[in-house]
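Subject: Structure handover and notes

Dear colleague,

I am passing this structure on to you, with my notes on what was found in it below. Please read them with the coordinates open.

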Amino acid sequence: MPIQTSTLHIPTEDGRADAFAAFPDTGGRHPGVLMYPDGFGIRPVLREMAAELAGHGYYVLVPNPFYRHGPTPVVDLPAYIGGEERSAVLARLMPLIQAHTAERTLRDADAFLRFLTARPEVAAGPVAVTGYCFGGLLATRTAEAHPDRVAALAAFHAPVGADGPDALAGITAQVHFGHAESDLTPDSLRELNEALDTAGVDHTSEIYPGTVHGFTMSDTDAFDPAGLKLHWDRLLPLLGRTLEGS
C-alpha cells in the first residue's frame, strides 16, 4: 500500500508540538492511531514503524513529547544508540523525562487527540494509542484520561504501572502490554495483571521471552527481532478488533 508522510505542528496549551504523520496514500479516511515514541524521540526508526503501521490502513500520528525543549531532534542522536553513546544520550534526556509530569501529559494528550481526530484523513469514531518505553506510560495515561475517545491501548517495554493501580481503573479500552523480560519479574507481572483484573480492564499482558528494555527499537543494542515481530503480532489484531468499521 502506498504511504504518504508529512511533518505537522500541533497547537497545545504550551506552544506547538512538531509531529510526524504516516497514512495510506489511497484517499478516503482511516482509523487514527496516536503513537508515542520512546524517550529517544522521533527519529528514522520511529518513522519506519509509523509507516509500517500506516501500511495496514491506519493514520498514524507521532508527536514530539519534548517540544517544550525544542523541535525534533531535541538532543543529538547517533545513528546507532548503543554502548557508551547510549549512556551519554540518556544522561541528556533524563532531565526532560523527569520534567514531563503527569499534568503535562494530560494537557498534551487532549491536544494530540483533538488534532488527530480533526484530520480530514482520519475516520470518525474512537482511536488507538500506543507507545514505547516512556511513551507507553504516556499512552496509558492518555487512555485512562479519555475513555470516550480511546478504544485500544498498547504499550511495549513501558512502565505502565508507574502511577499505581488506581490509575488503571479509568481505562475502558482493550489493552495489550508487552513487557521486556528484564523489566518485570513473574511476581511483578502477576501483581500488575491482578490490578488490571480488579479494575475490570479487558487486557492481555505478558513478558516477551528473552527480551531486554527497548527490544522493539532496531537502532539500539536492546533490539530483538523476535520481540519486534511478536509486538506486531499482538498490536495488529488489537487494532483490527477495536477500530474495524471506524
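A salt bridge is taken here as a side-chain nitrogen of Lys or Arg within 4 Å of a carboxyl oxygen of Asp or Glu. Please bear in mind that this is a predicted model, in which local features need pLDDT of at least 70 and side-chain atom pairs count only at pLDDT 80 or more, while totals for chains, interfaces and linings use all residues. Residues are numbered from 1 along each chain as its sequence is written, and side-chain values use heavy atoms, with hydrogens and water left out.

Salt bridges

The side chains of E206 and R234 meet in a salt bridge, at 2.5 Å from N to O. E206 lies in strand β8 (residues 203-208) and R234 in helix α6 (residues 225-243), so this pair ties together parts that are 28 residues apart in sequence. Helices (H or I, at least four residues) and strands (E, at least two) are DSSP runs, numbered from the N terminus. For accessibility, buried means under 20% relative accessible area, exposed over 50%, and partly exposed in between, with a 1.4 Å probe and protein chains only. On that scale E206 counts as partly exposed because its relative accessibility is 22%, and R234, with a relative accessible area of 31%, is partly exposed too.

The structure holds 15 salt bridges. In one of them R107 pairs with D14, the closest N and O atoms being 2.6 Å apart; this pair links distant parts of the chain, since R107 is in helix α3 (residues 102-118) and D14 in the loop between β1 (3-12) and β2 (15-24), 93 residues apart. R107, at 22% relative accessibility, counts as partly exposed, as does D14 at 35%. Salt bridges that share partners join E13, D14, R68, E103, R107 and D108 into one network.

A further salt bridge is formed by the side chains of R190 and D187, at 2.4 Å from N to O. Both residues lie in helix α5 (residues 186-198), 3 residues apart, which is about one turn of the helix. R190 counts as partly exposed at 44% relative accessibility, and D187 is partly exposed with a relative accessible area of 44%.

Strand β4 (residues 59-63) is mostly covered, with 5 of its 5 residues buried. Both of its faces are covered, for Y59, L61 and P63 on one side and V60 and V62 on the other are all buried. Two strands are said to pair if DSSP finds at least two bridges between them. β2 and β4 pair in the antiparallel sense over 4 bridges, with A21 standing opposite L61 in β4, whereas strand β3 (residues 32-36) runs parallel to β4 and is joined to it by 3 bridges, with V33 standing opposite V60.

Cavity and pockets

The search used a 1 Å grid over the protein atoms alone: a cavity is a set of points where a 1.4 Å probe fits but cannot get out, a pocket is an open set with protein on both sides within 12 Å along at least five of seven lines, and lining residues have an atom within 4 Å of a point. Grid points are joined across faces, edges and corners, and a volume is the space filled by probe spheres set on the points.

A search of the whole structure finds 1 cavity of 30 Å³ or more. The largest cavity has a volume of about 70 Å³, and its lining includes G39, F40, N64, F66 and L93.

The largest pocket has a volume of about 330 Å³ and is lined by 21 residues, of which G39, I97, C133, F134 and H213 lie nearest its centre. The elements that give two or more residues to this lining are α2 (83-99) and α4 (134-145), and the largest share, 6 residues, comes from α2.

In the second largest pocket there is about 230 Å³ of space, lined by 17 residues, of which P159, V160, G161, L184 and L192 lie nearest its centre. Here the elements giving two or more residues to the lining are β7 (174-180) and α5, and α5 gives the most, with 4 residues.

With best wishes
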